[in-house]
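Here are some notes on side-chain pairs, written to be read with the structure open. Please find each residue as it comes up.

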Amino acid sequence: MRPIPRRGVAAVLILALGALLVAHGTLTPDPAAGRFPGNGAVGSGTLATGDRVVVAGTARGDAPGGARLDLGGGPTVIVHGLDADPGTDVWLYGTYEDGTIRSDRAVVRAPWEITYLYAVSALGGMLTLGRVVRTWRVDTDRWVIVPREDGDG
């Protein structure tokens, strides 16, 4: 029996993976289903009392019973049940009630945290790349990646 070529199998699997990724993105029946009104709906005033919303903005200070939230160039709303320092970024899910939002869930993140996230990710990527380059090499005779041995440069 003739052996199956690995490169052919790998190429078929990679093509199948790409096709499945594209197919998964196109098979969503209605991407807008399940989305809640956001900053634009709050700014335009198209919400009714009791509507569920998902908004994002920057905390601007305390208000009675919560915090003031600037919705990125839109209106400023009062969020009840939110404890956020001024200047922090806030994403929240809640219920709209006459110019206020009662927070059900909130994510509060200081501005420096996104810089920290990217810096740590870049450092981890560089360490991983350095480790791979130091311990592996490309065998140009067979065009495969093999572990380095003591005599490899």
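Predicted model: local features only at pLDDT ≥ 70, side-chain atom pairs only at ≥ 80, totals over all residues.

1. Residue numbers start from 1 along the chain as the sequence is written.

2. How many aromatic pairs does the structure hold? There are two. One of them joins F36 and Y93, with ring centres 5.3 Å apart and ring planes at 65°. An angle over 60 degrees counts as edge-to-face, so the F36 and Y93 pair is put in that class.

3. Where do the partners of this pair sit in the chain? F36 belongs to the loop between α1 (6-26) and α2 (39-44), while Y93 is part of strand β4, residues 89-97. The two are 57 residues apart in sequence, so their pairing ties together separate parts of the chain. F36 has a relative accessible area of 40% and is partly exposed. Y93 is also partly exposed, with a value of 25%.

4. The other aromatic pair is made by W112 and Y116. It is edge-to-face as well, with 6.2 Å from centre to centre and 75° between the planes.

5. The cut-off for exposed is over 50%.

6. Next come the salt bridges, of which the structure holds three. In one, the side chains of D104 and R52 meet, with 2.6 Å from N to O. D104 is in strand β5 (residues 100-109) and R52 is in strand β1 (residues 52-63), so this bridge ties together parts that lie 52 residues apart in sequence. D104 has 40% relative accessibility and counts as partly exposed. R52 falls in that class too, at 38%.

7. A further salt bridge links R60 and D70, whose closest N and O atoms are 3.7 Å apart. The cut-off for a salt bridge is 4 Å. R60 is partly exposed, at 44% relative accessible area.

8. Which residue does D139 meet in a salt bridge? Its partner is R142, at 3.0 Å from N to O. D139 is buried, with a relative accessible area of 12%, whereas R142 is partly exposed, with 49%. The limit for buried is under 20%, so D139 falls in that class at 12%.

9. Last, look at T76, which lies in strand β3 (residues 76-80). T76 is partly exposed, with a relative accessible area of 47%. Leaving aside neighbours within four places in sequence, T76 is in contact with R68, L69 and D70. D70 is also the salt-bridge partner of R60. The C-alpha atoms of T76 and R60 are separated by 8.8 Å, and these residues are 16 apart along the chain.

Technical notes
Heavy atoms only, no water. Phe/Tyr/Trp six-rings, centres within 6.5 Å; stacked < 30°, edge-to-face > 60°. Helix = DSSP H or I, 4+ residues; strand = E, 2+ residues; numbered from the N terminus. Buried < 20%, exposed > 50% of the residue type's maximum accessible area, 1.4 Å probe, protein only. Contact = heavy atoms within 4.5 Å.
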